[in-house]
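Let's walk through this structure together, one region at a time. Keep the viewer open and follow along as we go.

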Amino acid sequence: MDFPAEPFRIKVIEPIKKTTREQRIQQLEKAGLNVFNIPAEMVFIDLLTDSGTSAMSDNQWAGLMMGDESYAGSKNYYHFEESIRDIFGFSCIIPTHQGRSAENLLFSVVLKKGDFVPNNIHFDTTRANVLHNGAVPVDLVIDEGLDPHCEHPFKGNMDIAKLERLIEEKGAGQIPIILLTVTNNSGGGQPVSIENIRQVHRVARKFKIPFFLDACRFAENCFFIKEREPEFAKTSIVEIAREMFSYADGCTMSAKKDGLVNIGGFLAMYDTALYEKAANLLILVEGFPTYGGLAGRDLEAIARGLQEVLDEDYLAFRIGQVRHLGKMLSESGVPILKPVGGHAVYLNAREFLPHLPQSQFPAQALTVALYREAGIRAVEIGGLMFGMTDSETGQERYPELELVRLAIPRRVYTSMHMQYVAHAIAQIHKQRDSIKGLRLLYQAPLLRHFTARLAEVS
Ligand code: F0G
């Protein structure tokens with residue numbers, strides 16, 4: 001039955017506010033047309049990110065009360081470790097306060113200046129941490145993964161020929177680690193197949209290079225494998241996850257996604273020498289190895305969340321809800337990235353607003369319109385985030401894609417909220433010709449989208 005209703009009922013509610021269009025216009029003015037500057041209380045449906053925005057279950061909240069806040073050897077750490085070993089297998093586990101901290105620890109101990117790090121597509125913080133350690137991030141996703149119209153089932157796959165070419169060109173000594181992001185967030189939340197993971201594993205073994213997964217959305221990836229890779233049609237999600245991680249030497253994880261918690265992450269591996277180095281650095285920057293950057297109660301919530309996220313009814317609902325939003329939008333003629341990925345629907349702003357040149361930030365203009373007309377907060381992934389002003393020529397350089405990401409928090413919004421979003425965006429699409437382009441008033445030299453201020457082009 002293709003009817004993935006919410007497999008939970010609601011016990012606690014958090015009111016959200018419907019604002020007037022006038023109030024939202026005022027907020028946008030104050031915010032310099034940048035939705036990062038708008039107080040969350042003034043947002044009706046917040047689709048800025050799926051990270052740290054999940055609703056926890058009664059079981060997780062009960063776990064918080066079982067927090068053992070001992071400095072060393074908290075009982076929650078042992079439960080956390082047991083839960084991770086059960087699914088991921090890795091023997092050495094380092095808790096961190098979130099994903100980027102795990103990335104930083106790992107790269108600090110494995111990378112040296114001039115190294116190269118292949119990945120399907122690096123997420124921003126992964127890319128920044130690779131660069132910060134003097135190495136060069138290289139994105140090797142299959143070509144289909146970059147085409148917004150291509151309906152390939154595993155658009156997150158790594159291009160194996162490109163990977164082998166890179167290793168042969170640079171030499172294995174220059175490539176201390178191979179990464180693979182499941183699902184591939186920067187490519188639209190697209191999954192990676194087990195077949196592809198096996199191939200990457202073989203290449204990694206052949207050249208004796210450690211292979212790590214960026215596992216933030218591992219359970220969503222496993223659900224796609226079950227759905228789309230015939231060999232796994234009858235395999236349980238936990239068994240698919242165990243198979244997936246059996247090919248890796250370790251992983252980084254932001255538990256703020258598929259850990260179903262509001263804060264937390266970890267770094268895991270088998271290599272004890274590597275573990276020792278990372279754990280020593282952990283003590284310096286995060287905390288003692290049995291709590292990392294977290295409270296005992298946070299570790300407990302993660303231990304429980306990682307088990308809950310494997311529930312197939314939950315995943316069918318989760319993937320189904322995101323897909324349903326994509327379907328409603330598509331049926332109204334709204335241009336979206338296809339196929340719909342695991343955690344978000346991406347609007348194709350160049351096709352949505354064909355009258356706006358890229359120099360007028362169409363994806364940001366659409367993001368502003370979503371808030372102004374409907375109180376929906378999304379995130380721009382286009383010229384504002386990735387464009388750059390060339391310091392020598394003063395010319396702007398723009399990315400290929402102009403997208404608006406509608407990231408769906410886990411277990412937070414109902415299907416009626418999704419209908420509201422689809423309906424509002426369809427209305428905005430009908431009046432798209434009235435949406436004006438934007439120009440920059442202020443930009444920071446780095447990661448400018450967070451703090452930029454803009455105005456409408458008159
Ligand atoms: N890797 C991936 C694939 C991510 O999507 C994120 C975060 C991180 C690493 C870093 O984890 O935030 O816990 O430090 N993605 C969020 C997003 C921020 O909105 O997509 P973190």
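Predicted model: local features only at pLDDT ≥ 70, side-chain atom pairs only at ≥ 80, totals over all residues.

Thr183 sits in the loop that runs between strand S5 (178–181) and helix H7 (194–206).

Lys338 and Pro339 are joined by one, and here omega is about -10°. Pro339 belongs to the loop between helix H12 (312–331) and strand S9 (344–348).

Leu260 is not a glycine, yet its phi is positive, at about 55°. Most residues other than glycine have a negative phi.

Now for the ligand. How many residues surround the ligand? The count is 17, and the closest are Thr49, Arg100, Ser254, Lys257 and Arg405.

Thr49 places a polar side-chain atom 2.7 Å from an oxygen atom of the ligand. In the side chain of Arg100, an N or O atom is likewise 2.7 Å from a ligand oxygen. For Arg405, a polar side-chain atom also lies 2.7 Å from an oxygen atom of the ligand. As for the overall cover, the ligand on its own has 480 Å² of accessible area, and the protein covers 92% of it.

Which helix gives the most to the shell around the ligand? That is helix H4 (residues 99–110), with three residues. Sorted by class, the shell holds eight polar, seven charged and two nonpolar residues.

Our last stop is a pair of helices. Helix H8 (residues 218–228) packs against helix H9 (residues 237–246) at an angle of about 105°, and their axes are 9 Å apart. That angle makes H8 roughly perpendicular to H9. On the H8 side, the contact involves Phe218, Asn221, Cys222, Phe223, Ile225 and Lys226; from H9 come Ile237, Ile240, Ala241, Met244 and Phe245. By class, the residues of this contact are nine nonpolar, one polar and one charged.

How values were computed:
Residues numbered from 1 in each chain as written. Heavy atoms only, no water. Axes fitted to C-alpha atoms, helices over the stretch in contact; angles between N-to-C directions. Helix = DSSP H or I, 4+ residues; strand = E, 2+ residues; numbered from the N terminus. Parallel < 35°, antiparallel > 145°, perpendicular 65-115°, else oblique. Contact = heavy atoms within 4.5 Å. Nonpolar A, V, L, I, M, F, W, Y, C, P; charged D, E, K, R; others polar. Near = heavy atom within 4 Å. Polar contact = N/O pair within 3.5 Å; in protein donor to acceptor, adjacent residues only side chain to side chain. Areas by Shrake-Rupley, 256 points an atom, 1.4 Å probe, with all protein chains shown as cover.
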